[in-house]
Amino acid sequence: MNPVLEVRGLSVEIPTASATLRPVRDVSFDLHPGETLSLVGESGSGKSMTALAIMDLLPRQARRSVERLRFLGEDLAGKSAGEIGRLRGAEIGMVFQDPMTSLNPVYTVGNQLMEVYLRHKNASKREARERALFLLDKVNIPDPALRLCQYPHQLSGGLRQRVMIAMALMCGPALIIADEPTTALDVTTQSQILDLLRSLQREFHMAMILITHDLGVVAHFADRVSVMYAGEIVEQASTDDLLERPMHPYTAALLDCIPVPGSSRHGGKLRSIPGVVPLITSGDQGCAFRRRCDHAQDVCKNAGIAMRELSGGHKFRCVLLPQNSADVAMKNHA
Amino acid sequence: MAAFALRRVLLAALVAITVSAIAFGLLYLSGDPVRALAGENATDEVIQRLSQEYGFDRPIGEQFLSWLGKAVTGDFGKSIYFNTDVAEMIWDRLPITMALGVMALGFAICLSIPLGVLAALRPNTFVDKAALTISLFGQALPNFWFAILLIILFGLTLRWLPISGNSSFAHFILPAVALGYYATPAFMRLIRAEMMDVLASDYIRTARAKGLSTSSVLFKHALRNAIIPVVSLAAVQLGFMLGGSVIIEQVFAIKGLGALAWESISRSDYPVVQALVLVISVIYVGLTLCADLLNAAIDPRLRHGH
């Protein structure tokens, strides 16, 4: 089966006065039809930047380089801004983190929904309105005709995110990129929105990139996971495989931070990884995680740590022996 | 929207009444108006008579109410200097100053919006720096001097435009440019700052993620949000231009409100000064009200009381 999206060697550089920042480094993955790939990592790990780089929506200062970027078999890397604009919103829909600020405050919900359809489809206003009503109903918004005439500030956060999802689906995209779609919402709304995304994904047979920092979300919703750290994918596997058998010490440490109800591991205290994600500049080499890693050795400072692959497509970027990493994982799960 | 408009109108009326009290008080700022009216060598008897004739012997509250009551009907009394109807003097001059102010504002906006948007789109580039330089000149040059430069270039050297009087549209071009240029920097910098804020906002990223055309992202989604504070500034600036065109009207020999104010102050013609302060203030309040209503039309959050 041909992948919906093929990404090879995607990097982003941001030149600054003192150094060149490298927020995304050599990211590669495939996404198959109907599949959900989750990008996981802490703030600053380059998840959102990766999504924006694929969409060619990076901030002005940022420079993108990519070996291969193919969407539905078409090469995106060589396309002009105008051609990519034709795909954005039509074939690729995006849902962003904060529904409170992602909708334009001065236009009605209907206006903002319809304009995507009018832009990409050769449709009349009537047809666009009907499509908007259909999708508002699909995302379980009661009284869609009323909501169509309302402004974003008249809607709750949960409703606004439903509107954002409807907007992403207006033109029937093959791919949805959801960038922390529930981070800004309260807990009960979170699961509703995620359930909704999943059921719509199945109904319309879309592939999805789900960006999150929540491994609980990953466990429930993702088919495959790419764990990102400081701009790199450090581990990639099927969700079950990754949760069962984390190879990279960073993945193991992340899993270790999930509190388990009733468990008294770590003496009943919430566990965290000490330190913060470092900013990687062009001069840096070696494993980016080594300063926070409990198992770091001298060899971790060497340049060019390659991706290693186990059976079943389980990949990880660590020079420590697999047995060693497996021990780490075992120990942490004990 | 109706409730919002009603609230704003009531507020504006309150401000107008306060301003009128201040305008009325002006008369007493420079000492006893009757003595000024009667002249240096007047006897007590003359002063007494004048005081009765003009109603200065009544309690001040009563005087104010009677003055305000007349002012509301458009009766501002008579000029002390010319003994003519003050209202007529003002109505003769008002359209001239209004035309000048509106043209100057139009010039300022036509120049500053494109420059501000360009500067915001290309921050820290040549375009941005050029726009900043233009705006710095506007702020640094005194407008009477800039007016003289315009007169020398376009009036005397090139002979394209008339340099004094107000008998045709062409007469207003140089004064409007001189007056408007001074307001340009404030507009340009506000638009630049607002556009940069808006362009970095989440909803602009959404608009781009929807694949909308650049012009739709820029004009439909960004500019409408960036323009909101500009509307308020435009009202304030037009108010300044109406009240502050005194110097420009002098330079170009335009017989507007500014010139009338200047002449009346130097002649100690208090009823005229009083009426001018009131009229200009009420226009100013009216402009602010218009800006509020216009902004409410642009931004739904304002009319829903957010």
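**Strand pairs and a chain interface**

Biologist: In E9(A), which residue is the bridge partner of A:Leu175?

Modeller: That's A:Ala207. Bear in mind that this is a predicted model.

Biologist: What makes E8 and E9 of chain A a pair?

Modeller: Pairing takes at least two bridges. Strand E8 (residues 175–179) and strand E9 (residues 207–212) of chain A share five, in the parallel sense, so they count as paired.

Biologist: Why is one side of E7 and of E12 in chain A left without a neighbour in the sheet?

Modeller: The open sheet has eight strands, in the order E7-E8-E9-E3-E10-E11-E13-E12, with mixed pairing. Strand E7 (92–95) and strand E12 (308–309) stand at its edges with a single partner strand each, so one side of each has no neighbour there.

Biologist: And which strands does H8 of chain A touch?

Modeller: Helix H8 (residues 187–204) packs on the sheet against E3, E8 and E9 of chain A, its direction making about 160° with that of E9(A).

Biologist: Now the interface. Why is A:Glu115 with B:Lys210 called a salt bridge?

Modeller: The cut-off is a Lys or Arg side-chain nitrogen within 4 Å of an Asp or Glu carboxyl oxygen. Here the closest N and O atoms are 2.7 Å apart, so the pair qualifies. The rule finds two salt bridges across the interface of chains A and B.

Biologist: How much area do chains A and B bury between them?

Modeller: About 2,300 Å², 53% of it on carbon and sulfur atoms.

Terms used. Residues are numbered from 1 along each chain as its sequence is written. Chains are lettered from A and ligands numbered from 1 in the order in which they are written. This is a predicted model: local features need pLDDT of at least 70, side-chain atom pairs count only at pLDDT 80 or more; totals for chains, interfaces and linings use all residues. Side-chain values use heavy atoms; hydrogens and water are left out. Helices (H or I, at least four residues) and strands (E, at least two) are DSSP runs, numbered from the N terminus. Contact means heavy atoms within 4.5 Å. Axes are lines fitted to C-alpha atoms, for helices over the stretch in contact, and angles run from 0 to 180 degrees between N-to-C directions. Buried area is the accessible area (1.4 Å probe) that two parts lose on being put together, summed over both.
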